[in-house]
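Keep the 3D view open and turn it as you read.

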Amino acid sequence: MIGLFPRTPQEQRTANELAARWGPDAVLVDGGPGPALRRMWSSLDAVVLFLPVGAAVRLIAPLLRAERTDPEVVCVDEHFAVTVSGGAQAIAPRIAEVLGRIPVLTAGAAATELDELVDRLGATADGDLTGCARAIDDEEPVLLVNPHGFPLPALPENVSPDREDPAWTVVVDDRRPGEDLGDRVVRLIPPTLVVGVGAVRGVSRTAVTGLMSRLDREHGLDPRAIRAFATAEAKAEERGILDAVQDLGFWHSADAEELPLRSYPAAELAEEDVPNPSERVRAEVGTASVAEAAALRAAREFAGEDAEVRLVVPKLGADGVTVAAARIRPRGRITTIGLGPGPADLRTPRADAELRHAAAVVGGAPELELIRDLLHPGAVTRRVGSAEEGARAAAELAAGGRTVALVGPDDAAPLRAAVQDEPACRAVHAEWIPGVRG
């Protein structure tokens, strides 16, 4: 079905011309496009908007779910038929032909759900991304390996941690594999690691890079997972440390928020609880730890409340250098959404976006039925009979590495209280968003 959303009498005449050509496949929608588009989005194959491209992008952004399932979107004005999303190359030339407009087609291949996952994780991809994406689109079985439980969005049903004899494997990990995984493996390497560095005065770059290489060689940490380095302020100008960081390819930003080498006052580092404090280092620098404390301090700075931080490689030392590595692991995520009185056109765009991207949705039978058309085909649903049961189920799913939407009627106050009272929910990040406009 093709939805046509004219606003003015002139646009109405243009839409009528298109509808006459397409026949019963076309539906004209009167009034402002916003509420009607939100209500009809999941049932449309194509959308024709009589809007500037910028306005169209703002309108559809909260509704986008996946390139292969979203409707095609085209913007039409007096001169052009412009593709906006959903691989609309198929319909834009047809519109241009009927109306005498110039088609403007997007270039390149459509983004795949694997591309979207890479972007969401901020990951480096290693392997044949195109081949794996093609297998996913062809619905071949794909094994998902996620040993750290990174919270992932909904993925196609054929991508699962329970696949036997998979055609492909997708591994989400910041460690190098212990063995050759073969050709049909794609590794996604999220930027989870912060490396703390301490050194004596006048240390050489060779000494620093040599010790850092042990993180990979002996502990299997992939250098591509390093997000930043950290040290004490007293060591921040050590030429050997600066040169070593540059040698590793990290000196790439002039933005203070993105600098790959972070430095912290000794008093701040002294507050960190570390496994290997040194009184000698305390006497020299003013803190009992540089490498371990700096790694933990910087990791916490990056992590915020949505993640947990732990030391994965305690202090290593050689040739006047110490290094340690901390991992940032995003916690599972629960978003509690109150669906209000029910009509789809009253839901907030953010609520719809959360529901479309959720890997798991928990709620009562009426609520799950109400939002059924919004959910990703690969999303897990869990039907529950009470707020307390919902909180426990959501915590279990979030702990397993899923982004979870917990839905309820009205303002979802009972669900919020149940999440706050459920001990298992304290290990995940929980937030509440309004499901309907106030």
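Before the tour, some housekeeping. What you see is a predicted model, where local features need pLDDT of at least 70 and side-chain atom pairs count only at pLDDT 80 or more, while totals for chains, interfaces and linings use all residues. Residues are numbered from 1 along each chain as its sequence is written, and side-chain values use heavy atoms, with hydrogens and water left out.

How far can you trust it? The predictor's confidence in each residue, pLDDT, runs from 0 to 100. The chain averages a pLDDT of 85, and 90% of the residues score at least 70. Watch out for residues 251-257, though, where pLDDT stays under 50. Where pLDDT is low, the predicted coordinates should not be read in detail.

Now the overview. The chain has 15 helices and 21 strands, and of its 438 residues, 51% count as buried. A contact means heavy atoms within 4.5 Å. Among the contacts in the chain with a separation of 6 or more, 65% are between residues 24 or more positions apart.

Let's begin with the sheet that holds strand β1. Two strands pair if DSSP finds at least two bridges between them. Six strands make up an open sheet here, in the order β2-β1-β3-β4-β5-β6, with mixed pairing. At its edges are β2 (26-28) and β6 (102-104), each pairing on one side only. From one strand to the next, the twist averages 20°. Strand β1 (residues 2-5) pairs with β2 in the parallel sense over three bridges, and Gly3 has Val27 in β2 as its bridge partner.

Two helices lie across this sheet. For the angles, axes are lines fitted to C-alpha atoms, for helices over the stretch in contact, and values run from 0 to 180 degrees between N-to-C directions. Helix α2 (residues 33-40) lies across β1, β2 and β3 (46-49), at about 170° to β1. Helix α3 (residues 53-60) lies across β3, β4 (72-76) and β5 (80-85), at about 30° to β5.

Further along, look for Glu113, found in helix α5 (residues 113-121). Is Glu113 buried or exposed? At 10% relative accessibility, Glu113 counts as buried. Its C-alpha atom is separated by 7.6 Å from that of Ala133, 20 residues apart along the chain.

Next, find strand β16. Eight of its 10 residues are buried, so β16 is largely enclosed by the rest of the structure. Seven bridges join β16 to β12, and the two run antiparallel; Val195 stands opposite Ala325 in β16. β15 also pairs with β16 in the antiparallel sense, over nine bridges, with Val309 opposite Ile328. β15 and β16 form a hairpin with two residues between them, and Asp319 in the turn has a positive phi of about 55°.

Helix α11 (residues 291-303) belongs in this picture too. Its 13 residues reach 18 Å from first C-alpha to last, close to the 18 Å expected at 1.5 Å a residue (the expected span is 1.5 Å times one less than the number of residues). Its buried residues are Ala291, Glu292, Ala293, Ala294, Ala295, Leu296, Ala298, Ala299 and Ala303. They pack against β12 (193-199), β13 (226-232), β14 (261-264), α9 (266-269), β15 (307-318) and β16 (321-330). After α11 comes Gly304, whose phi is positive, near 65°.

Our last stop is another open sheet, with five strands in the order β19-β18-β20-β17-β21 and parallel pairing. β19 (380-383) and β21 (429-434) stand at the edges, each with a single partner strand, so one side of each is left without a neighbour in the sheet. Four bridges join β18 (residues 360-363) to β19, and Val361 stands opposite Thr381 in β19. Helix α14 (residues 387-399) packs on this sheet, touching β17 (333-338), β18, β19 and β20 (403-408), with its direction at about 170° to that of β20. Helix α15 (residues 413-421) lies across β17, β20 and β21, at about 135° to β20.

Technical notes
Buried means under 20% relative accessible area, exposed over 50%, partly exposed in between (1.4 Å probe, protein chains only).
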